[in-house]
Amino acid sequence: MTPRHPQDPADAACAAPAPRTGHRPGLRLLDLAITKAAARAAGPGGIRFTERQLYYETCRVLSPASALLTRVPRTTSPPLRLPTFTRALEARGRQTVAGLLPPVPAAPTALPRPPAAPGSGEPDLYAYGLPRVLVCQDLSIARMLLANHVHLEAACLVLAAADALPLAPRLRTALERAEGATVHVLHDASPQGIGLPARIRAALGPVPGVRISSIGLVPRHAAALRLPTGRGPAPAAPRGAWPPALRPQEAGWLARGHFAQVAAVPAPRLVRTVLRLTRGARPPRNSLWSDLRGLRTTGFLTWPT
């Protein structure tokens, strides 16, 4: 699956052939693996997924032993060459894979924007405060989250970094109006991804009360989740210091050209994690004890609210 719009040098490295392992799965085996991978990527909720996510899920199907040692944090190289997967998918036909999203077009348009309010040149959404915004480094991941209605469930605007930067003045105003807004950043575990939150902070400028929150990935996430990782040329030294939360061994891992992509996270898990991190804490459920405590403040014979 050769990336059509590389946004990161890691994409070019991921498109390069992986080292041969002495075993080359046949076309029939790959077809069966893709079928099983598509079912796992969709999960019980019928999640839609990208071609890159399907590739990584196929790698997990072909390496069942990698899921047995889930308590041993480490990363592995993909067992399947990317061009081999692409040929198998094309021979099968992308349209035969249920849940697979169409590829990003050659000239990608901006992500869908909120409809304009009647009689106004501004989108209606920006007329109010935006308490939550999610910026994705990968355009295809942003489109995947939108296709699965994450923006509706989390009440969170979803943007791709290519569309969000430079930040529009109306977006900056909407964030400031929310009084305590958070811009969540979903990025790869790569030098470019690790530096994306700082770029967004610099583009945002001195807007009081707006918090920039990185929700991953970082190298330790990739190790804990046992994500397939790649390795490309060693990147240039970062202009500034690494983020303070990045451990020295993680910085060394990145400096040696290693990377892990958000697309390597299983699609159902990615959707659940993004929803949990962007929605924040849920209100406590009602219980007998909370109802009894409420009676003290409302009065015994008050009309229930």
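Predicted model: local features only at pLDDT ≥ 70, side-chain atom pairs only at ≥ 80, totals over all residues.
1. For the protein chain, pLDDT averages 79, and 71% of the residues score at least 70. Confidence is highest in helix α5 (residues 139-147), at a mean of 97, and lowest in helix α14 (residues 288-298), at a mean of 44.

2. Helix α2 (residues 27-42) packs against helix α3 (residues 51-62) at an angle of about 115 degrees, the two axes lying 8 Å apart. Because angles of 65 to 115 degrees count as roughly perpendicular, α2 is roughly perpendicular to α3. The crossing in which α2 passes α3 is right-handed.

3. From α2, the residues L29, L30, A33, I34, K36, A37, A38, R40 and A41 take part in this contact, and they meet L54, E57, T58, R60, V61 and L62 of α3. Sorted by class, the contact of α2 with α3 comprises 10 nonpolar, 1 polar and 4 charged residues.

4. α2 also packs with helix α4 (residues 82-92), in this case at an angle of about 80 degrees and with the axes 10 Å apart, which makes α2 roughly perpendicular to α4. Here L27, L30, D31, I34 and T35 of α2 meet T84, F85, A88, L89 and R92 of α4, and by class the contact has 6 nonpolar, 2 polar and 2 charged residues.

Definitions and conventions: Residues numbered from 1 in each chain as written. Heavy atoms only, no water. Axes fitted to C-alpha atoms, helices over the stretch in contact; angles between N-to-C directions. Helix = DSSP H or I, 4+ residues; strand = E, 2+ residues; numbered from the N terminus. Parallel < 35°, antiparallel > 145°, perpendicular 65-115°, else oblique. Left-handed = near helix turned anticlockwise from the far one by under 90°. Contact = heavy atoms within 4.5 Å. Nonpolar A, V, L, I, M, F, W, Y, C, P; charged D, E, K, R; others polar. pLDDT = per-residue confidence, 0-100.
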